[in-house]
Amino acid sequence: MRDLQIGNGIIVPAALLRAETSRSGGPGGQNVNKLETRVTIAVDVDALPLPDHGKQRIREKLAGRINREGTLRVTSQAERSQLGNRDRALARMEELLRDALVEAKPRRRTRATKASKERRIEEKKRRGKIKRLRGAFE
């Protein structure tokens, strides 16, 4: 297994990652029935080489994927081979951790322009006129 590069020079060593294999579901004949191709990668959030606020951010953003013991799990069974699924799961874990650590820019409040307000009012008047004209012939 390889180390995970999650940006800003932060590397999660492969020693912290655990890989479990199991049989995949769905169609596939003998391959599915005999081979353990599904791969689950697990990592303890507390063991990650991050500051406390980074770990807290991961716990908040990925709460649905973290169990009670504080283990983040990612599963892949899309490929027919165990190796392919392991690579996919590692890439997904890397992506999830990277995205969870990105801080969202605070939204700057803006005002609607005068022209946009006028367009909105004109559209409302036009729609109202169309509706008024509908009832005139009854």
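Tutor: Two strands count as paired if DSSP finds at least two bridges between them. Keep that cut-off in mind for this predicted model.

Student: In what order do the three strands of the open sheet stand?

Tutor: The sheet is open, and its pairing is antiparallel. Strand 3 (17-22) and strand 5 (71-76) are the edge strands, since each pairs on one side only. The twist averages 20 degrees from one strand to the next. The order is 3-4-5.

Student: Over how many bridges do strand 3 and strand 4 pair?

Tutor: Pairing takes at least two bridges. Strand 4 covers residues 38-44 and runs antiparallel to strand 3. The number of bridges between them is six.

Student: Which residue in strand 4 does threonine 21 stand opposite?

Tutor: Look across from strand 3 (17-22) to strand 4 (residues 38-44). The residue opposite threonine 21 is valine 39.

Student: At what angle to strand 4 does helix 3 run?

Tutor: Helix 3 spans residues 82-101. It lies across strand 3, strand 4 and strand 5. Its angle to strand 4 is about 35 degrees.

Student: Which element gives the largest share of the lining of the largest pocket?

Tutor: The pocket has a volume of about 210 Å³. Its lining has 13 residues, with Asn8, Ile10, Leu50, Leu101 and Val102 nearest the centre. Two elements give two or more residues each: helix 2 (52-61) and helix 3. The largest share, three residues, comes from helix 2.

Student: How many residues of that pocket's lining are nonpolar, polar and charged?

Tutor: The lining residues number 13. They divide into three charged, four polar and, for the nonpolar group, six.

Student: Why is the chain described as more spread out than a compact globule?

Tutor: The chain has four helices and five strands, in the pattern β-β-β-α-β-α-β-α-α. For 138 residues the globule rule gives 14 Å, and the chain is well over that, so it is more spread out than a compact globule. Its C-alpha atoms fill a box of roughly 75 × 45 × 25 Å along the principal axes. The deciding value is the radius of gyration, 26 Å.

Definitions and conventions: Residues are numbered from 1 along each chain as its sequence is written. This is a predicted model: local features need pLDDT of at least 70, side-chain atom pairs count only at pLDDT 80 or more; totals for chains, interfaces and linings use all residues. Side-chain values use heavy atoms; hydrogens and water are left out. Axes are lines fitted to C-alpha atoms, for helices over the stretch in contact, and angles run from 0 to 180 degrees between N-to-C directions. Contact means heavy atoms within 4.5 Å. On a 1 Å grid over the protein atoms alone, a cavity is a set of points where a 1.4 Å probe fits but cannot get out, and a pocket is an open set with protein on both sides within 12 Å along at least five of seven lines; lining residues have an atom within 4 Å of a point. Grid points are joined across faces, edges and corners, and a volume is the space filled by probe spheres set on the points. Ala, Val, Leu, Ile, Met, Phe, Trp, Tyr, Cys and Pro count as nonpolar, Asp, Glu, Lys and Arg as charged, and the others, Gly among them, as polar. The radius of gyration is taken over C-alpha atoms; the globule rule is 2.2 Å times the number of residues to the power 0.38.
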